[in-house]
Amino acid sequence: MSIADWTVAPVGRATNYVLETVGGASMILWRIMRALVPPRFDGHETWRQLDRVGVRSAPIVIVTALFVGAIMVIQTAFYVNKTGATSLLGYGVGFTVFAEIGPILIGLMFSGRVGANNTAELGTMVVTEQVDALRALAIDPMRYLVVPRFIAMMLMLTLLMVLGDLFAIIGAAATAQGLIGLDWRVLIANLIESHLLDELTMGIVKAACFGVSISCISCYFGLSVSGGAAGVGRATNNSVVANATAIFLIDFLVGWLYTL
Amino acid sequence: MTDLSHRVRLRCEGLSVDYRGRAVLDAVDVEIRANEVVGIVGPGGAGKSILLKTLPRLIVPTRGRVILDGTDLATLPRVGLAAARESFGYLFQNYALFDFMTVLDNVAFPLRQGGQCDDAEAIRRAEARLADVGLARAAPQFPRELSGGMKKRVALARATVADPQIALYDDPSAGLDPVTSSRIFKLIRQMHERIPDCASVIVSHDIDRMRPVCDRFIAIVDGRVAFDGREADLGRAPPTVRAIFEGGLVAGVAL
Amino acid sequence: MALHALNTTHRASGNILASLGRPFLSAGRFLSELGRLFRDTAVAIARGRFSGAAVIKQAYEIGNRSVPFIAITLGVLGLISVYQVATQVAQIIPDFSMIGAAFIQMMVREFAPTITGLMVATRVGSGIAAEIGSMVVTEQVDALRMCNADPVEYLVAPRTIASAVMVVMLTAVGVVFATFAGMLVGKGAFGIPYNTFLSLQLTGIGDVAIGVTKALSYGIAIPVIASQAGLATTGGSAGVGWAATSAVVNTSFAVIVIDFVISALAFLVH
């Protein structure tokens with residue numbers, strides 16, 4: 001083995017992998033866009049996906065949000081106690097939850113719950129030749145499988161983000177009252193006074209972008225599965241890793257664009 | 001040789017297995033004796049593989065008992081069960097070869113885990129068994145590099161390398177071409193005769209190849225024992241069972 | 001007729017109770033099985049019944065191969081955090097001197113362990129579940145049992161030991177990358193000198209202890225929960241996919257709950 005084999009080659013392989021993934025997911029996005037204008041997708045499937053994606057992930061998002069709010073109160077309280085600026089607690093919690101931590105953690109949870117499940121489902125359909133069967137019946141898998149999931153994920157993650165923000169505040173207020181000893185009404189008042197509308201909308205925009213990336217990436221990995229049960233497992237694994245990376249990168253991008 | 005002169009190694013009493021509210025096996029009573037090869041036949045999905053898996057307690061029965069050499073397997077603690085399993089050899093339907101180790105390591109694995117012999121001896125015996133199945137050259141390869149028939153033979157080697165007292169074979173010729181299938185059944189008979197007092201149980205659809213190898217047949221239909229005896233006694237069996245042996249599996253069996 | 005109506009109402013209320021209680025029952029059953037696996041794993045490790053070679057192999061899989069992923073995600077996190085906070089601070093009081101110190105402290109005690117934990121839960125959690133799940137589906141786990149190899153000793157214990165050590169090390173790696181990225185952004189966008197940013201002034205031994213405790217807890221919880229999902233796989237390729245999914249969800253959720261518990265305890269102790 002030459003030096004190039006274990007220095008350049010892995011970098012080359014990694015680059016290839018990244019480019020393949022980005023390219024593949026972008027191709028899916030392009031084809032989704034084409035199927036949306038003019039709208040050519042299965043409405044019934046879309047309703048079904050809205051129910052599955054939204055209703056099934058609501059509980060985990062709510063509980064996650066409660067804990068996220070609680071954790072942020074504890075961490076912010078630490079600084080607030082040291083500096084004595086208790087009025088900043090509401091602001092600190094609101095800012096971090098709405099703008100950064102909330103979208104990232106809820107995005108990650110959604111990617112795990114819905115994205116992984118999506119890849120697994122589509123992957124299993126590929127491995128059991130159901131996708132081929134659809135094509136044989138002259139049904140376009142894009143219209144029937146992918147676009148409904150795209151719409152469902154984008155819409156639902158945005159709505160769930162709002163729901164998550166609400167429950168994060170509840171969790172924060174409960175923790176403030178119970179653990180810190182700060183009246184929850186004071187916290188809420190602080191929050192409202194902090195005028196965090198920009199941060200709120202940024203979080204929701206991030207959620208919509210995550211919905212796009214999660215659906216495209218998970219569909220890409222699901223539809224390109226090969227190798228039976230082990231292949232489905234591997235694809236699910238790769239899908240969540242790619243989604244997590246994308247979430248962080250998009251988070252940075254949106255945050256940076258907002259400051260312009 | 002009459003069956004009655006042979007010691008009973010394994011006995012199932014009233015064995016029942018429920019899956020999702022449905023009785024997959026219902027009140028099964030069978031005996032497996034030393035020095036005999038038993039073939040288990042029946043329509044697909046009737047519970048044959050599940051019966052095979054309850055014998056070493058890979059599946060826990062809902063009701064009933066499995067008794068190995070006089071000991072009820074349910075009464076054994078985990079360590080005792082592990083020791084009891086060392087008497088078994090199992091050929092899985094989908095080979096179940098460990099894909100993260102070489103063929104040689106796969107075959108040597110039961111010996112290394114069992115601890116009855118040292119590493120050098122384990123490798124020697126594994127190589128010998130691989131040679132018996134005609135795959136000595138495949139020793140350093142990985143399972144994914146082998147064809148279906150070759151993997152089946154490696155699985156057979158692994159199942160028999162520890163000279164098990166009770167050898168269980170789940171559909172040994174599934175998915176194999178006719179030549180390889182015959183070879184597998186011949187190997188099964190060879191292994192059986194090589195180990196003294198061995199009891200072998202074969203689950204299969206391949207009646208024609210089972211005939212020269214099996215001493216006795218058990219037919220499982222709808223989770224129940226429909227026939228238990230030698231092929232010569234088939235005259236007294238219900239028509240569904242006779243249809244299985246005549247190859248007309250669909251005729252007469254309500255689907 | 002009236003009797004029939006009575007019967008149906010009784011059955012209906014019984015059904016409502018059943019459907020309300022069922023999630024709690026299944027959650028209870030899930031937690032008790034998980035508890036049993038934790039106990040069995042602890043026993044296997046305490047008795048030394050695991051292969052050192054397997055631990056090293058898993059350590060490489062879990063640790064070395066996650067470094068690029070951790071580097072990117074925590075690097076970006078460092079970028080984002082410093083950028084956002086500095087922008088805010090610039091509007092209120094343009095004094096950047098404490099940003100670096102506060103940033104490093106928050107990284108060490110909260111964000112590095114937790115985000116690293118979530119990333120490991122994502123990558124390693126689904127990986128372990130998928131691996132073990134496909135072994136279950138191809139009957140390799142049954143084959144292990146038949147060859148006198150206990151799946152907990154052979155599969156779960158090495159991964160748990162490797163993960164406990166590696167998550168702590170990955171967290172340290174994460175802190176380094178996040179700080180490095182934050183430092184670059186601080187200098188590049190806000191002119192904060194490197195020395196000012198790299199201040200360990202606020203980071204005390206308590207913060208390090210909290211960070212390490214969190215990382216260690218995540219490192220132990222993730223492989224066990226993921227192995228549980230893998231070992232409980234049923235049903236072919238669909239089952240393997242589902243095992244990987246539930247592993248990611250359960251391990252991520254466990255990380256968040258553990259984070260909350262340790263943070264709360266740390267706060268109360270102070």
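Select chains A and B together: these two chains do not touch, and their nearest C-alpha atoms are 11 Å apart. Keep in mind along the way that this is a predicted model.

**Stop one: chain B**

Hide everything but chain B and color by secondary structure. You'll be looking at 8 helices and 10 strands. How does the radius of gyration of chain B sit against that of a compact globule? A compact globule of 255 residues would come out near 18 Å, and chain B has 18 Å, so the two agree.

Now color chain B by burial: 42% of its 255 residues count as buried.

**Stop two: where A meets C**

Bring chains A and C back. There are 2 pairs of chains in contact, and chains A and C share the most contacts. Select the residues on either side: 41 residues of chain A are in contact with 41 residues of chain C. Which helices of chain A each supply at least two residues to this side? Pick out helix H2 (43-83), helix H3 (88-127) and helix H8 (228-258) of chain A. The largest share, 17 residues, comes from H8(A). Color the side of chain A that touches chain C by class, and you get 23 nonpolar, 13 polar and 5 charged residues.

**Stop three: H2(A) against H9(C)**

Zoom in on H2(A) and helix H9 (residues 236-269) of chain C. Their axes come within 10 Å and cross at roughly 30 degrees. Angles under 35 degrees count as roughly parallel, so H2(A) is roughly parallel to H9(C). The handedness of this crossing is left-handed.

From H2(A), show A:Ile60, A:Thr64, A:Phe67, A:Ala70, A:Ile71, A:Ile74, A:Gln75, A:Ala77 and A:Phe78. Facing them from H9(C), show C:Val249, C:Phe253, C:Ile256, C:Val257, C:Asp259, C:Phe260, C:Ser263, C:Ala264 and C:Phe267. What is the make-up of this contact by class? The contact of H2(A) with H9(C) has 14 nonpolar, 3 polar and 1 charged residues.

Key:
Residues numbered from 1 in each chain as written. Chains lettered and ligands numbered in written order. Predicted model: local features only at pLDDT ≥ 70, side-chain atom pairs only at ≥ 80, totals over all residues. Helix = DSSP H or I, 4+ residues; strand = E, 2+ residues; numbered from the N terminus. Rg over C-alpha atoms; globule rule 2.2 N^0.38 Å. Buried ≥ 20, exposed ≤ 12 C-beta atoms within 10 Å, placed from the backbone. Contact = placed C-beta atoms within 7 Å. Nonpolar A, V, L, I, M, F, W, Y, C, P; charged D, E, K, R; others polar. Axes fitted to C-alpha atoms, helices over the stretch in contact; angles between N-to-C directions. Parallel < 35°, antiparallel > 145°, perpendicular 65-115°, else oblique. Left-handed = near helix turned anticlockwise from the far one by under 90°.
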